[in-house]
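Hi,

Here is the structure I promised to pass on. Have a look at it first, and my notes follow below.

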Amino acid sequence: MLLFLIRLGLGAIFMLSAVGKLLTPRRTVRDVKNYRLLPSPLGTAFGLMLGPSELAVGLSLASGYATRSGALLGLLLLTSFMVAVGITMTQKRNLTCSCFGLLYRERVGWPTQARDGTLWIFVGLVLVGGPGLPPLHDL
C-alpha cells in the first residue's frame, strides 16, 4: 500500500512539473540552453521533450500502466537534472531552475539537489518494487 501511495504522489509531481513546461515550451528550451551544457540543437530537442517526457512518467506512475518503464524514464530525467545542477554549482553559476515551469522557480543549489535526490530514491523504489498494487484500471 505504501508503494502505491508513493507511486501516486510521484505521478502527481511529474504531471504538475510537465504542465508548466508544456504551457511554455519556448521558455523551457531557453532555460535548458542557459545551462550551456548541450550544443544548441540538442538543447532545443531536450527542452522540447522535457514536458512530454515528464507527462509520460507522471501518467505511467499514477495509472500503474508500464510502471517500471515510467520509473526508468523518471530516473533518467532526474539523473540528467542532478548532473546539470551539479555542474552548474561547481561552475558557481547563478541559474534559475524551472523545475515546475512557471508554477515554481528557484535558484539552482543544494535544495534543488536534495529535492531531486529524494525524488530519485522514491522513483528507484517504484522501479525495484513495481506498482505496489494493480494498475488503477484493474481496481
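A66 sits in the loop between helix 3 and helix 4 (helices here are DSSP runs of H or I with at least four residues, strands are E runs of at least two, and both are numbered from the N terminus). Most residues other than glycine have a negative phi. With a relative accessible area of 39%, A66 is partly exposed (buried means under 20% relative accessible area, exposed over 50%, and partly exposed in between, with a 1.4 Å probe and protein chains only).

K92 is another non-glycine residue with a positive phi of about 55°. You'll find K92 in the loop between helix 4 and strand 1 (96-97). K92 is exposed, at a relative accessible area of 73%.

Before you go further, some housekeeping. This is a predicted model, in which local features need pLDDT of at least 70 and side-chain atom pairs count only at pLDDT 80 or more, while totals for chains, interfaces and linings use all residues. Residues are numbered from 1 along each chain as its sequence is written, and side-chain values use heavy atoms, with hydrogens and water left out.

Now the helix packing, starting with helix 1 and helix 3. These two pack at an angle of about 155°, with their axes 7 Å apart (axes are lines fitted to C-alpha atoms, for helices over the stretch in contact, and angles run from 0 to 180 degrees between N-to-C directions). Helix 1 and helix 3 are therefore roughly antiparallel (angles under 35 degrees count as roughly parallel, over 145 as roughly antiparallel, 65 to 115 as roughly perpendicular, and the rest as oblique). Their crossing is left-handed, meaning that the near helix is turned anticlockwise from the far one by less than a right angle; clockwise would be right-handed. The helix 1 side of the contact includes L10, F14, K21 and L22, and the helix 3 side includes L50, L55 and L61 (contact means heavy atoms within 4.5 Å). By class, the residues in this contact are 13 nonpolar, five polar and three charged (Ala, Val, Leu, Ile, Met, Phe, Trp, Tyr, Cys and Pro count as nonpolar, Asp, Glu, Lys and Arg as charged, and the others, Gly among them, as polar).

Two residues of helix 1 deserve a click. K21 lies in helix 1 and is buried, with a relative accessible area of 6%. Setting aside neighbours within four places in sequence, L22 is in contact with G51, P52 and L55.

Helix 1 also meets helix 5: the angle is about 125° and the axes are 10 Å apart, so this pair is oblique. The crossing is again left-handed. L3, I6, R7, L10, I13 and F14 of helix 1 face L119, F122, V123, L125, V126 and G129 of helix 5. That contact divides into 10 nonpolar residues, one polar and one charged.

The remaining pair is helix 4 (residues 67-90) with helix 5 (residues 110-129), packed at about 160° with axes 9 Å apart. That makes helix 4 roughly antiparallel to helix 5. The contact between helix 4 and helix 5 has 15 nonpolar, nine polar and two charged residues.

What sits in the middle of this? The largest nonpolar core has 16 residues, and L10, F14, L61, L78, V123 and V126 have the most contacts inside it (a nonpolar core is a set of buried Ala, Val, Leu, Ile, Met, Phe, Trp, Tyr and Cys residues joined through side-chain atoms within 4.5 Å). Helix 1 (2-23), helix 3 (40-63), helix 4 and helix 5 each supply at least two residues of the core, and helix 4 gives the largest share, five residues. V123 touches L10, F14, A71, G74, L75 and L78, leaving out residues up to four places away in sequence. A second, separate core of eight residues includes V85, L95, C97 and F100.

Cheers
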